[in-house]
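Q: I have a structure open here and want to go through it. Can we start with the pocket?
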Amino acid sequence: MKKHLPVILLTAVFSLMFCSCDVNNNNGDGIWDDPVETTTESTLPDYTVARSPHHDLSKVDETQDFGTIDLSYKDAWGPYQDLRMAHGTIHNYFAYYSLDAYDNRLNENLNTVSAISRPTVLEYPADKDGYVIYEVTYTQTFPISTKEPNSVHMSFFSYHGVGFLDYYTGTTFPTINLSTQIDSFSVTGKVIWNGKTYDMGYYEFRETEWISSTSEPADGNRIIKKELATITSTSYFIVPEGYDGIVMYVYVADDTNMSVEEVLADNTPYYTEAGFFGDDENPDDYVFIGIQAPS
C-alpha cells in the first residue's frame with residue numbers, strides 16, 4: 001500500500017473556497033496545544049431527522065471501478081492487532097507553504113497541529129435490497145499561524161486526510177487522492193467473501209471554508225498571518241446489511257519537514273487500489289476509530 005501522503009489545499013489567495021466548525025482546545029492564540037487525543041464531543045450538526053444522504057452520490061468529480069476483490073483467503077487481522085483506538089478528537093499535523101515565483105519557500109510555520117473531530121455516523125436504506133448506506137461525517141480544523149513577507153506568489157497547506165480499512169482482514173479501501181482539482185470521488189466494485197459476491201461502494205465529499213484571516217507586523221519587514229480554515233469530509237459506504245468492519249485510520253506522525261517538491265508532486269487525483277495495511281506503514285504512526293452505525 002502506498003504511504004498515506006498529504007493532500008494539498010490552496011489558500012484564499014486564489015479564491016478557492018472550501019467548510020466549518022467551532023474551535024475548541026486552543027491556547028487562546030488560535031494554536032493547538034500538544035497533539036494528544038482528547039474526549040471532546042463532536043460539534044457537528046444533528047442529522048438524525050434526515051431520510052436520505054446529504055450528498056447526491058451520482059455527482060462526483062472522479063469515478064473508478066475497482067473490479068472484484070477476493071477476501072476469501074484472508075486471515076483474521078483486527079482481533080490480533082494492538083491498534084491504538086481513539087474515541088474523541090484527534091490532533092495531527094499539517095504544513096503551510098508560502099512561495100515566491102520560483103517555488104522557493106518564504107514562510108516559517110508557528111503552528112502545525114490540526115484537529116479532527118469525532119465522526120458522526122448515520123445509516124440509510126440503499127436502493128438495493130439487503131444493503132445499507134453508512135454516512136460518516138467529521139471536520140478538520142486548521143489554525144494557521146505563519147511568519148512570512150508581506151507579498152508572496154502562492155500559498156497552500158498540506159494535510160493528512162483519513163483512510164478506511166476492513167477490520168477483519170486489514171484490507172484498505174481503494175481510494176482516489178483528493179487534490180486541488182477535485183473535491184469528491186467514488187470507487188465501486190464487487191467483493192468476494194466466503195464464496196459469496198457482494199457489491200461495494202465508497203464515496204467521498206470535501207467541503208472547505210475559510211473562517212477568518214488576520215495579520216500583524218513582525219520583525220524584518222515580515223508579518224504574522226493567522227487564518228482559520230475548516231474542512232468537512234463526508235464519506236459514504238454502500239455495504240451489505242450487518243457489515244460492521246469499517247475502521248477509520250488517521251496518520252498522526254510529524255512529517256511537516258517535507259519539501260515543497262515532495263508535496264507538489266503528490267497534487268494529482270491518482271487512484272490507489274485496495275491493499276493490506278502494514279505493507280508500507282508503521283501502525284504506531286496511526287490512531288484508529290471504529291465506524292459503528294447507530295443502533
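Q: How do the residues of the lining of the largest pocket divide into nonpolar, polar and charged?
A: This is a predicted model. In the lining of the largest pocket, 13 residues are nonpolar, four are polar and two are charged.

Q: Which ones lie nearest its centre?
A: L71, D166, V191, M200 and Y243 lie nearest the centre, out of 19 lining residues.

Q: And which elements give two or more residues to that lining?
A: Strand 2 (62-70), strand 10 (171-172), strand 12 (184-193) and strand 13 (196-218).

Q: What volume does the largest pocket have?
A: About 360 Å³.

Q: Switching topic. How many helices and strands are there in the protein?
A: The secondary structure comes to one helix and 18 strands.

Q: What share of the residues counts as buried?
A: Of the 295 residues, 51% are buried.

Q: What about the largest nonpolar core, how many residues does it have?
A: The core has 43 residues, and F157, F164, F237 and M248 have the most contacts inside it. Strand 7 (residues 131-149) gives the most to this core, with six residues.

Q: What does F164 touch, leaving out residues up to four places away in sequence?
A: F164 touches T172, F173, Y202, E204, S235, F237, I246, V247, M248, Y249 and I291. Two of these contacts, F237 and M248, are also among the residues with the most contacts inside the core.

Q: Last one: how much of the accessible surface belongs to carbon and sulfur atoms?
A: 47%, out of an accessible surface of about 13,900 Å².

Terms used. Residues numbered from 1 in each chain as written. Predicted model: local features only at pLDDT ≥ 70, side-chain atom pairs only at ≥ 80, totals over all residues. Heavy atoms only, no water. Core = buried A, V, L, I, M, F, W, Y, C linked by side-chain atoms within 4.5 Å. Buried < 20%, exposed > 50% of the residue type's maximum accessible area, 1.4 Å probe, protein only. Helix = DSSP H or I, 4+ residues; strand = E, 2+ residues; numbered from the N terminus. Contact = heavy atoms within 4.5 Å. Areas by Shrake-Rupley, 256 points an atom, 1.4 Å probe, with all protein chains shown as cover. 1 Å grid on protein atoms, 1.4 Å probe; cavity = no way out; pocket = protein on both sides within 12 Å on 5 of 7 lines; lining within 4 Å. Points joined across faces, edges and corners; volume = space filled by probe spheres on them. Nonpolar A, V, L, I, M, F, W, Y, C, P; charged D, E, K, R; others polar.
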